[in-house]
Amino acid sequence: MADLKIRIWRGDATGGAMEDFSVPARENQTILDVVTQIQREQAPDLAYRFACRVGMCGSCAMEVNGRARWTCRTHVKRVAAPGEVVEIRPLANLPVIRDLATDMAPFFDKWAKAQGSFQPKDAPDGSVPAEFSVVPPNSKQRMEADAGIECIGCGVCYASCDIVAWNKDYLGPAAMNRAWTLVNDVRDGGNKARLDAVSGDAGCHSCHSTQSCTERCPKNLDPSSAIAGLKRKLFWDSLLGRR
């Protein structure tokens with residue numbers, strides 16, 4: 001089997017360039033397998049991030065041939081024809097620490113700005129109530145919340161978002177998907193501040209609904225619909241004088 005031609009971005013926050021590598025092609029090897037082999041055998045100073053290797057943590061997300069992906073779940077044969085170069089870069093829209101490792105702080109800072117923390121209604125100080133409310137699983141709000149609750153914060157949607165690329169203040173799909181799950185959580189009492197946070201210039205109304213976030217989410221979530229839900233909520237609350 002012929003060798004794979006791999007091109008990896010090397011550098012740091014001050015700049016960098018692509019560097020070529022070659023590794024033996026194997027059946028069913030993933031992009032993360034390739035990066036790991038290069039780091040172990042050819043470039044021991046290559047920086048990248050991974051943890052579970054089974055598609056649970058999302059920490060291995062990188063840009064592969066122009067598209068953000070979980071590299072542990074991406075087989076080489078899915079993204080490159082035989083003989084084609086595989087190009088691997090750090091996630092877009094995030095500061096580069098070194099090589100393929102990005103600083104996720106801006107991504108999680110947006111979650112905080114979107115008021116993405118659960119605020120119990122009965123405990124404004126944030127303490128856990130003695131008893132949780134029972135939320136019927138078939139209620140409309142519960143189903144809206146359940147549709148987005150499985151986000152693990154991998155950053156693929158954020159790296160794929162055109163609006164984040166244009167406007168660094170834009171909260172991004174994951175933060176607003178989280179906000180939408182909490183808006184629909186009947187146990188939560190923080191919606192006033194949350195809706196204020198997502199209604200500004202950096203919030204849901206800046207979304208152009210290009211749906212790259214939904215198309216590329218490895219968990220098959222639909223942040224685009226969550227953002228549309230926030231828009232509808234703000235519209236009706238304003239129309240009916242609830243804000």
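Me: Which residues of α7 are buried?

Reply: The buried residues of α7 are Pro173, Ala174, Ala175, Met176, Asn177, Ala179, Trp180, Thr181, Leu182 and Val183. Buried here means under 20% relative accessible area, while exposed means over 50% and partly exposed lies in between (1.4 Å probe, protein chains only). Helices are DSSP runs of H or I with at least four residues, numbered from the N terminus. Please keep in mind that this is a predicted model, where local features need pLDDT of at least 70, side-chain atom pairs count only at pLDDT 80 or more, and totals for chains, interfaces and linings use all residues. Residues are numbered from 1 along each chain as its sequence is written, and side-chain values use heavy atoms, with hydrogens and water left out.

Me: Why is α7 largely enclosed by the rest of the structure?

Reply: Because ten of the eleven residues of α7 are buried.

Me: And what covers the buried residues of α7?

Reply: The cover includes α3 (105-113), α4 (140-146), α5, α8 (191-198), α9 (212-216) and α10 (223-239).

Me: OK, now the core. Which residues touch the most other members of the largest nonpolar core?

Reply: Those are Ile6, Ile38, Ile88, Val198 and Leu230, in a core of 58 residues. Helix α7 (residues 173-183) gives this core its largest share, six residues. A nonpolar core is a set of buried Ala, Val, Leu, Ile, Met, Phe, Trp, Tyr and Cys residues joined through side-chain atoms within 4.5 Å.

Me: What is Val198 in contact with, neighbours within four places in sequence aside?

Reply: Val198 is in contact with Ala114, Leu171, Met176, Ala179, Gly203, Cys204, Leu230 and Leu234. Contact means heavy atoms within 4.5 Å.

Me: Let's switch to α5. Where does Cys157 lie, and is it buried or exposed?

Reply: Cys157 lies in helix α5 (residues 156-160), and at 10% relative accessibility it counts as buried. Beyond its neighbours within four places in sequence, Cys157 is in contact with Pro173, Ala174 and Cys213.

Me: What about Ser160?

Reply: Ser160 is also placed in helix α5, and it counts as buried at 5% relative accessibility. Not counting residues up to four places away in sequence, Ser160 touches Ala68, Asn93, Ser212 and Arg216.

Me: New topic: how many aromatic pairs does the structure hold?

Reply: There are six aromatic pairs. Tyr48 and Phe50 form a stacked one, 5.4 Å centre to centre with 15 degrees between the planes. Rings of Phe, Tyr and Trp (its six-membered ring) pair if their centres lie within 6.5 Å; planes under 30 degrees apart count as stacked, over 60 as edge-to-face and the rest as tilted. Tyr48 is buried at 15% relative accessible area, whereas Phe50 is partly exposed at 33%.

Me: Which aromatic pair is edge-to-face?

Reply: Phe107 and Tyr158 make an edge-to-face pair, 5.4 Å centre to centre with 80 degrees between the planes. The pair links distant parts of the chain, with Phe107 in helix α3 and Tyr158 in helix α5, 51 residues apart. Phe107 is buried at 1% relative accessibility, and Tyr158 is buried with a relative accessible area of 2%.

Me: Last one: is Leu239 buried or exposed?

Reply: Leu239, placed in helix α10, counts as exposed at 54% relative accessibility.

Conventions:
Helix = DSSP H or I, 4+ residues; strand = E, 2+ residues; numbered from the N terminus.
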